[in-house]
Amino acid sequence: MTDSTTPGDTTALPGAVERYLKAHNEHDTAAASAELTPDVTVVDDGRTYRGVTAVEQWLDAAASEYTYTTTFLGSERHSPDRFTVTQRLEGDFPGGIVDLHYRFTLSGERISGLVIEP
């Protein structure tokens, strides 16, 4: 996967979310996983990944599956520990373009949950 991120206003996001998204877009699995709690749960494309090791494997696999670009469209704070980031992906995956919502749950200063869905 090759992607680039169009800069957007991520200043309202918690540091862990901002750093995770940056690391994910740069294919830096170690930096992305550093923002996760040990018992993190990620749901993407109908699959659930539990724990840092499973999430790291998912991140590595996602980095090689498709080529795409991401554009930050916005974010919303739902509560002190829940945030949604919307990004547009354009690439060589089925459909070619999709707006995805990244629904983050925080535990302290780290990400304990992430659900990715259209």
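How many cavities of 30 Å³ or more does the count come to? I found one cavity of 30 Å³ or more, where a cavity is a set of points on a 1 Å grid over the protein atoms alone at which a 1.4 Å probe fits but cannot get out. The model is predicted, with local features needing pLDDT of at least 70 and side-chain atom pairs pLDDT 80 or more, while totals for chains, interfaces and linings use all residues. Residues are numbered from 1 along each chain as its sequence is written, and side-chain values use heavy atoms, leaving out hydrogens and water.

Ten residues line the largest cavity, and His24, His27, Thr29, Leu59 and Ala63 are the closest to its centre; lining means having an atom within 4 Å of a point. Two or more lining residues come from each of α1 (15–25), α2 (29–33) and α3 (52–65), and α3 gives the most, three. Helices are DSSP runs of H or I of at least four residues, strands runs of E of at least two, numbered from the N terminus.

**Core.** I then looked up the largest nonpolar core, which has 27 residues; such a core is a set of buried (under 20% relative accessible area, 1.4 Å probe, protein chains only) Ala, Val, Leu, Ile, Met, Phe, Trp, Tyr and Cys residues joined through side-chain atoms within 4.5 Å. The largest share of the core, five residues, comes from α1.

Methods
On a 1 Å grid over the protein atoms alone, a cavity is a set of points where a 1.4 Å probe fits but cannot get out, and a pocket is an open set with protein on both sides within 12 Å along at least five of seven lines; lining residues have an atom within 4 Å of a point. Grid points are joined across faces, edges and corners, and a volume is the space filled by probe spheres set on the points. Buried means under 20% relative accessible area, exposed over 50%, partly exposed in between (1.4 Å probe, protein chains only).
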